[in-house]
Each structure stands twice: as structure tokens, then as C-alpha cells.
Amino acid sequence: MSTRLKLISTRAARPQAVLDIKGVSQIFRVAQTTCHALENVSFQAGTGELICILGPSGCGKSTLLKILSGFIAPSAGKVALNGLPVFRPGPDRCVVFQEDALFPWLTVAENIAFGLKGRGLGSQSARQETERFLSLVNLEAFADYLPREVSGGMKQRVALARVLILNPKVLLMDEPFAALDAQTREEMQNFLLALWKKLSHTILFVTHDVAEAVTLADRILVMGKNPGRIRHDIAVTLKRPRMRETDDFHHHCKRLYALLRTGDTGGMQSCQNPRMS
Amino acid sequence: MNDRTTPYRLLSWIIPGALIMTWWMVSRCGWLPAYLLPHPEDIAKSGYAYVFGHAEGGPYSGRFVTDVIASLARVALGFSMAAGVGVPLGILSGRLMWMDKLLSVSVNGVRAVPGICWLPLSLIWFGIGMKTTVFLIFLAAFFPIYLNAAAGARAVPAILLQAGAMMGVGRIRGVFAILIPGAMSHLMAGLRLGLGISWAYLVLGELTGVPSGLGAVIMDARMSGHIDVIIVGIVMIALFGQLSDYLLRCLLRCLFKSARRTP
């Protein structure tokens, strides 16, 4: 095993855990079938950590993110943010969605300012904040454009800015760059890293793209499906900035591919149809 | 393609122009007797007298202002009641399962009854005049407004509501900041359909012998054999129907960003 790639599933609790997930399970019942989307998922996210949740489609990684954001309540287990239980969506755990979730009737600037309303901020300081975040995502020139008038990459930068302006404790990203073309995706990854360096948010980034996970993450949670669970918790100690062309990078990717494959076959069938069994 | 360029503007006037030309020809050559279809010039003259003439100038001379005010008041009252009830109820039943279940059978049942069936009953309930007409307009305009509001509220993508929730938007603000703008194109369609049908039911309500109103003029002119005035009345209703539709769109654009920015 590489010295840079350590399995750390038994690592002790981090000192400053923002997010604490304990024994989370999710069971879906559709008609006669029960599906264990998640089984006994536990981990902690430390302050300022960038964690990628990597897994094949159907492993429950999006379900996990929905539980963390509070859109669905887990069948079992607990999620706590700074020690307080999570039970509904809120601006302390902001989400950047995969699909376009901007308000189409608001301009870029208005979309970014949307969450500020009702926070008791004066219009003057709200405008200043909006301008600050517009420039942070390099969209000053597009402030008055409507979402349908800007590119996919720009839309996701707006989606980032509109949640970063709320200063969330955790940023949840659900395959935010999956719908972009390869070049734009790489640009956006670098852009996210630059932002993270500046603002040092805690980020949970869901992806199925191994190279994306290795580019971004401090730590990768590798998930397997049937039932969905965390199979490996891996620290990525590659130096930043990470170059995709280097041997180290390839080595990391290869390791992860191997882990993903074993994770896939190791699971037993858990989506059962009682009529068939 | 820009529909504001001159050739495209002209395009929409080809059919009305051709119709008027044909009409002119038919009357000029005497193919149809004047008691069935008067000459366009006669109609223009009657129309001018109707709108600008003095009260002593003839039977319909100068009645225009009182008629229009009466009709506009009825349409405005009936339509705004329909909008005031239809939009909130529609949005509620588009988003809340129990509200939809509560209303769907009753709404569809009442909707299946042609509006004209309510005329005898409303004459008994409300008598001849303002109240009956307003009631008929309300009933007719309610359904397109309600059904489109419900469809619009249902069609607002869940992801937008989720985005709002995660940014800390509460229920009340969610309705005004996400649901209504998100359903705007449906809301506009429903309101415009409702306003259009309001004019139809205005005429129905005014056919019953009210003294003033554009519909009343048409019916009155039939009794007294003034075909030209019937046609003037029809043209007036067409004009005011168009005008009110235009004003409604202006009002919505003025009030809502989402109405301005709906493609």
C-alpha cells in the first residue's frame, strides 16, 4: 500500500467536528419492495475539511446528502451540526444541486442576493455583500443577466455564490459539475479549490468521478451499494495544487478504482422482492 | 426573427383588411340587402354617432360612455372577484393534496354545467342587472383562473422549493418569492382566459333587459331593427376585450418581475 494513501477507517474522532453522522440508515419502501439505500453510515467532518463522497450510482450518496441537508429524515441514526440535531433544511447547511436550481425570473445578482432577504440586513450592506460575492465568482459583468442567458459553468458559479453569501457551516455539493463538459468541469474544480483556499468552508462533495475526487479531496469516503454504506475512509495526502498528469495522481486513481470494484462485489443483494423470494 | 419589424406587423392586418374589402365590395354591388349587412360606411357613421354624438342626435347617439362604464364596471367586478378567489384557491390546491381532494369533485361538477344554465337561477336570486351579470362573470372566469393556477403551482419544479428551503425561506415568503413567480406563465394564461370569457358572459348577463351596457345595446338594437348598431356593439366589445387584455398584461408586467421576464 502506498505510504500516501492510508486507510483510516478506525481513526479517532477529529477534535473539531462540525458535522457528526452516527449510524444513519435509510430504508425505502416502494410497493412490495424494501430497499436499504443506506446502512449504518457514520463519520465526522472536521472544520475546513474538503471531503468527497465517492461511489457508483445507486449507492445512496445523494440520499446521504439529502439527509444531511434535512430534506429527508433518516430511518435510523442521528445527524448533528455543531452538536445540535439536524431535522430540517436550513442556511447553515447549504446545497449546490447538480441540476440548474437558480430562479429563472431573477438576474444573476438577484439570485445571489436571494437568501439575504429577511436577514435584517440593510439594503446598502446587502448590495455590498452581493457585489463582493459577484466578484468572488468573477461574474460582475453578468450581474444583470438572466440564468438562461449564461453558460452552465456560470450558472454553477452563481449557485455557489448564492449559498456562500449565507456563510454556511457546511457546504453540501451534489455532483455539481457532472452536467458540465470536461473542460468546464476542470475549470470549475480549480475554481472551487481557489474559493475554498480563500474562505476555507467545510465541504462535502458528492461525486462518481474518481479523478474529480482525487483532485479535490482531503479525504475520500468510498461508498458501495446494496446496501449503501461507507466501505473506506481514505486520506488523500497528495500535495496541492494537484496535477492530473503526474504518476502519483494516476496511482491514487488506480487505487480508488480497485476499491470501488471490491466495494461493489462485496455487497449482498438487499433490494428484495418478497413475492420472488 | 423580430416581430417588431414592419413586414411582420403588416402580416397580422392582411386578413382583417381583406375581410373589410370583401364586405365593402358585397355592399357596393348590392349582393346582400342592407337589412342583413349594412354598408361599412353606414356602420362607421352609426359608430361615430354612438360614440361622439349628442344625446338628442338619434336613438343610440351618445350612449357610448354610459354603456361602456356600466359594462366595464361589471367585467371589472366579476373578473376581480374570480381572480381574488381563483388564484389563491388554485395555488393551494396545486400544492396541497388535501385541498385538491377537497375541491376537485365540487369544482369539476360545477364546471360541467354550462354557464348559461345559471342565468335563470341568478335572475331569481339577484334580479335583473348588475348583480346577475357580475355573478355570471365570476362563475365563468373562475374556472380557467383556478385550474391554471393549480396547474402552475403543481408545475413549479420541486428543486426550486428545495433551494428556497435550504436558504432559509419560510412558507409565507416561499409562496410569494418562489411559488407565484414560478407559476407565473400559467397564472397569466389563466387570468387572460378568464378575462376573455368575462366579456362573453357580460353580454349574456346584459341580454336580460338591463338599461345600459354594450350587451344591452346589441339586444336593444335587434329589437328596434338597427343592424348597424348591433355591429357597432360587436366591434366595441372586440375592441374593449383586446384593450382589457393588453392592460391586464401591462399590469402584471408592472407588478411582477417574473411576468416581465417570462420568455
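In helix α3 of chain A, the buried residues are A126(A), T130(A), F133(A), L134(A) and L136(A), where buried means under 20% relative accessible area, with a 1.4 Å probe and protein chains only. Seen down the axis of α3(A), these buried residues fall within an arc of 160°, so they line one face of the helix; the arc is that of the directions from the helix axis to the C-beta atoms. In an α-helix there are 3.6 residues a turn, so residues three or four places apart point the same way.

All of this comes from a predicted model, in which local features need pLDDT of at least 70, side-chain atom pairs count only at pLDDT 80 or more, and totals for chains, interfaces and linings use all residues. Residues are numbered from 1 along each chain as its sequence is written, chains are lettered from A and ligands numbered from 1 in the order in which they are written, and side-chain values use heavy atoms, with hydrogens and water left out.

The cover over the buried residues of α3(A) includes α2 (108-113), α4 (152-164) and α5 (182-199) of chain A. Helices here are DSSP runs of H or I with at least four residues, strands are runs of E with at least two, and both are numbered from the N terminus. As for length, the 14 residues of α3(A), 123-136, should span 20 Å at 1.5 Å a residue, and the end C-alpha atoms are 20 Å apart, which agrees; the expected span is 1.5 Å times one less than the number of residues. Just after the helix, N138(A) takes a positive phi of about 55°.

Stepping back, chain A has seven helices and 11 strands, and 51% of its 277 residues count as buried. Among its contacts (heavy atoms within 4.5 Å) with a separation of 6 or more, 72% are between residues 24 or more positions apart.

Over in chain B, S71(B) sits in helix α4. At 0% relative accessibility, S71(B) counts as buried. Setting aside neighbours within four places in sequence, S71(B) touches L202(B), E206(B), G213(B), L214(B) and G215(B).

Helix α4 of chain B (64-95) also turns up in the lining of the largest pocket, where α4, α8 (158-166) and α9 (171-182) of that chain each supply at least two residues. The biggest share comes from α9(B), with six residues.

Terms used: Buried means under 20% relative accessible area, exposed over 50%, partly exposed in between (1.4 Å probe, protein chains only).
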